[in-house]
Amino acid sequence: MAPYYGDRKPKNQTLFFFNTVEDTFVQAWAILQETTALTSYLLQKSPRALVCLTGFSFGAAMASNAANIALQSGVDGQRLACAPYVDSSSPCVLADGLLESAIDWNALRLSKEESYATTRQRLVTKFYETQMTSLTPKRLQNPIRVVQGYNMTDDAFIRTKYALELEQHIQICLNPSFQMKWLPGGHVFAALARPFLHKKLIEEVVLELIHSQFRE
């Protein structure tokens, strides 16, 4: 369970809404550090261990970035896979799409005179600092063995530009041969179809990871 959810939710937090922009980054870094630690532990525990990182939406972004951080920490990328289901390149989707209606823009203004456009651009600029290609200085020293991902063609939560950026980031940081698979529909459909589509993606990636071990 991620920080800021369930038993790890601060007492002064309302539902899933963050109190500050900083909380967004704190949660993300905590997820990345914890996932990297668990991945490293499992791969070191046994030379036969294989790990697949996956998630939906924000969870998919965390899975992709965790795979990147794990590679930078020195884990064996040949025993690591990633299956992002409806992913984005950065938290910019929080400020550019349907989710921006949940933001208290007045609280983010530096002055009463500051325009919405200026406030929004400052937030988007800050969010762009957390893209996969910005998190680590190294590039593809140890490629991940298998990475496959699905995104939706009509997603109003994750705009197409951020999914396309993600494809480029994965090619740079995880595997140069990665190609995003595009499916019809939007975010809600993707959520409803998870029991089938997300499961199918995980099965395909895990089977490919297993089979790749016998092709050495």
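Guide: Buried means under 20% relative accessible area, exposed over 50%, and partly exposed in between (1.4 Å probe, protein chains only). By that rule Asp96 is buried because its relative accessible area is 10%. This is a predicted model, in which local features need pLDDT of at least 70, side-chain atom pairs count only at pLDDT 80 or more, and totals for chains, interfaces and linings use all residues. Residues are numbered from 1 along each chain as its sequence is written, and side-chain values use heavy atoms, with hydrogens and water left out.

Visitor: What does Asp96 meet in a salt bridge?

Guide: A salt bridge is a side-chain nitrogen of Lys or Arg within 4 Å of a carboxyl oxygen of Asp or Glu. Asp96 pairs with Arg120 at 2.9 Å, N to O. Arg120 lies in helix H4 and Asp96 in the loop between S2 and helix H3 (105-108), so the pair ties together parts that are 24 residues apart in sequence. Helices (H or I, at least four residues) and strands (E, at least two) are DSSP runs, numbered from the N terminus. Arg120 is partly exposed, at 21%.

Visitor: How many salt bridges does the whole structure have?

Guide: Eight. Among them is Asp76 with Arg79, at 3.2 Å, N to O. Asp76 counts as partly exposed at 32%, whereas Arg79 counts as buried at 12%.
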